[in-house]
Amino acid sequence: MDNLVILCFAVINSIALLALISLGLAVIFGMMRVINFAHGEFIMLGGYATVIANHCGLNLWLSMLVVAPMFVALIGAVAERLIVRRLYGHLVTTMLATWGLSLFLIGAVTAIFGNTTMGVSAPLGNIPIGAYSIGAYQLFLIGITALLVVSALLALHWTKYGLIARAAMQNSEMAATLGINCDRVYAATFIIGAAISGLAGALLAPISGVLPHMGAAYVARAFVTVISGGGALITGFLSAATILGPVEALLSYFATPVLGQASLLLLAVIILRLFPTGVSSLWIGGR
Amino acid sequence: MKLSRRSFLGTSAALSAASIAGSFAGGAWAASDSVAIASLHDLSGPLDIYGVPSNLCMKVAVEEINAAGGLLGKKVELKVYDGQSDINKYPQYAQKAALTDRVVMVQGALSGAAREATRPVLRKYKIPFIYGSFYEGGLCEKNTFCVNTGGNQQVVPLLEWTFKNLGKKLYYIASDYNAPRNFGIWNHVMAKREGGQVLADDYYPLDVTDFTAAITKIQAAKPDVVHSCLVGGPAMSFYRQWAAAGMLKKIPIISIVFAAGNEHEVLAPEETDGTIVAYNYFQELDTPKNKEFLAKVEAVAGKNHPYINGEVFGGYSGVMLWAEAVKLAGSFEREAVLAALESGIRWEGPAGVMTTNGPSHNTTQDVHIIKVENRVWSLIDKKEQIPPDTYGGKCNVFTNPNQTDFLMPN
């Protein structure tokens, strides 16, 4: 019995981690069609902001939930203003430019903090489940990921900003004729996406530590999840995470971790072969 | 740049004069008053946590030798190369050390990949290679001398102690590359010998940071002890998550790589307390010789020098053993120095007595089993004078002088 509970926990944890690292990317890529190669570095900066703020004596929760997203939002705002804004609509050029940004951020962080791991300890202790025990912080992580996803869904579909944002994304000319400042909407969306990525990095810092080149480990998985999800912004990547996460976790558990990782990629290939525009084309049609 | 004919001629004349002078000066160490050795370590990039302190230890050894009047009346000069954590740099710099700087010995190339890239170059130019890192064992090559511990010297004492004191059921979790897989073979060798049991061999890619499934698996297997050979920054997540799941106080962790990258300083005490490792050297070692050594380290690198662990200590012991061999040989020539090393050089240093072992080209030494508490290591057991493994007699440069391949334990 406790065996089953702990296995369910591993599966849900795997889904939550995929969702957490993909949400910021889903907002930026899904809404703006901007391929942000610096996504992994936004996560990394969120982690660093948390660790540095905490080492400077700030409360861990404040560092994670306030300082990190605000700091990365600031970086996102600067990057949008200086680079991304000039390249809207140029898919390949944006890709190159954000890749350059990613290399720059890795280099800058390495130059300032050195190429060594830093970290903070996970708070909250542990919870015994029968003969097993799990980190309470990981439960918190699952909870906050669910909260983030639900609020993103609500904000997008039930608020005025969500409506304006969707309008600007779907048909910017029409939206502009109706008096919407599309540039501002784009900027705000990019900044929000960056802030969410920063928050993801902050939340991951206590369990994985921070390294200048840690983004690379996340960016590929985030892209795989978002692209397998397809057109429906939130439900799309969430369903992809729900398919990919359990397969990886279960295969890592019953077979080997290498097989788990490989299966995630193989499954993404199969999904994209069956649904070239992502799984969400099942319920929103192939756009 | 505007290049006039005159300045071009001037520059090229100066360049060729310099290169001619260079080749004369370089070839003439026999007549000059100094002799060069090379430190080839990663001083930047992800592996600099091992390279920088190893290079520091070589520097300490060279300064000690020079302060005592040098070697055979010559001052030892340390040529330092930065491998930049880039394998491509190793053959290039090894060649430069051999041809341009005319060094008489090269030490470094700590990672397995760097070592394998460097060995053939130095073999070709007949420059002795001192290997200072601990490793899986089984390198028995004429041109190479390993001064740190091989697999059997670290794993055997650690597992003997573990099976006796912590329990018989062992769970192995490791990074997925060559050395941890070879160390993994030793688990099975030792389990068979000591009546223990290896419950699983789990290998994780180097970039994995989520160990939830791994920890669940270990909890389900209920081992008496976890043997970790996880390497690198991302893998440190395992220790964080292990502690967060409350496992640190329930199942002890043993390791032969933990702390080589100073994990005990990067991670918090509540994530590492109680971890047990085995090394030939650790900084807290309480001997008069070690106090002298640490004073010299402080003199070179200041009070806040990096922690000196068993991995980087090879930088010091390697140079000192080589120097003893030079003194015995009365020469810097390759053949004479190797013959002296093969004769069994006995040197008493900060880590106790070390004796070079002729046939295997490895080194007999003490190994300390130590435990960390609040970032400080303390001694729990000591195994004296452990010889390198003979690999059933195959590890022998006298009978197999042309052997260059690695040997595997049986």
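How are α5(A) and α10(A) oriented to each other? They are roughly antiparallel, a term for angles over 145 degrees, whereas angles under 35 count as roughly parallel, 65 to 115 as roughly perpendicular and the rest as oblique.

This is a predicted model, in which local features need pLDDT of at least 70 and side-chain atom pairs count only at pLDDT 80 or more, while totals for chains, interfaces and linings use all residues. Residues are numbered from 1 along each chain as its sequence is written, and chains are lettered from A and ligands numbered from 1 in the order in which they are written.

**Helix packing in chain A**

- The axes of α5(A) and α10(A) cross at roughly 155° and come within 9 Å; axes are lines fitted to C-alpha atoms, for helices over the stretch in contact, and angles run from 0 to 180 degrees between N-to-C directions.
- Helices (H or I, at least four residues) and strands (E, at least two) are DSSP runs, numbered from the N terminus.
- On α5(A), the contact with α10(A) is made by Val149(A), Ala152(A), Leu153(A) and Leu156(A), and on α10(A) by Leu233(A), Ile234(A) and Leu238(A); two residues are in contact if their C-beta atoms, placed from the backbone, lie within 7 Å.
- By class, this contact has seven nonpolar, no polar and no charged residues; Ala, Val, Leu, Ile, Met, Phe, Trp, Tyr, Cys and Pro count as nonpolar, Asp, Glu, Lys and Arg as charged, and the others, Gly among them, as polar.
- Helix α6 (residues 160–170) of chain A packs against helix α8 (residues 182–208) of chain A at about 110°, with the axes 10 Å apart, which makes α6(A) roughly perpendicular to α8(A).
- The residues in this contact are Ile164(A), Ala165(A) and Ala168(A) of α6(A), together with Cys182(A), Val185(A) and Thr189(A) of α8(A).

**The hairpin of chain A**

- Strand β1 (residues 126–129) of chain A runs antiparallel to β2(A), and four bridges join the two; strands pair if DSSP finds at least two bridges between them.
- Ile129(A) has Tyr132(A) as its bridge partner in β2(A).
- Two residues lie between the strands of this hairpin, where Gly130(A) takes a positive phi near 60°.

**The interface of chains A and B**

- Contact between the chains involves 33 residues of chain A and 35 residues of chain B.
- α1(A) gives the most to the side of chain A that touches chain B, with six residues.
- That side of chain A divides into 17 nonpolar, 16 polar and no charged residues.

**The parallel sheet of chain B**

- An open sheet of chain B has five strands in the order β2-β1-β3-β4-β5, with parallel pairing.
- β2 (75–82) and β5 (144–146) of chain B stand at the edges, each with a single partner strand, so one side of each is left without a neighbour in the sheet.
- On average, neighbouring strands of this sheet are turned by 25° against each other, direction ignored.
- Strand β1 (residues 34–41) of chain B is joined to β2(B) by eight bridges, and Ser39(B) stands opposite Val80(B) in β2(B).

**Domains of chain B**

- The domain assignment, which is automatic or from a database, gives domain 1 (33–149 + 285–366) and domain 2 (152–279) of chain B.
- Their C-alpha centres lie 29 Å apart, and each of the two domains of chain B gives 13 residues to the contact.

**Selected residues of chain B**

- Leu199(B), found in strand β7 (residues 197–204) of chain B, is partly exposed, with 19 other C-beta atoms within 10 Å.
- A residue is buried if 20 or more other C-beta atoms lie within 10 Å of its own, exposed if 12 or fewer, and partly exposed in between, with C-beta atoms placed from the backbone.
- Most residues other than glycine have a negative phi.
- Gln84(B), however, has a positive phi near 55° and counts as partly exposed, with 17 C-beta neighbours inside 10 Å.
- His361(B) also has a positive phi, of about 55°, and is buried, with 26 other C-beta atoms within 10 Å.
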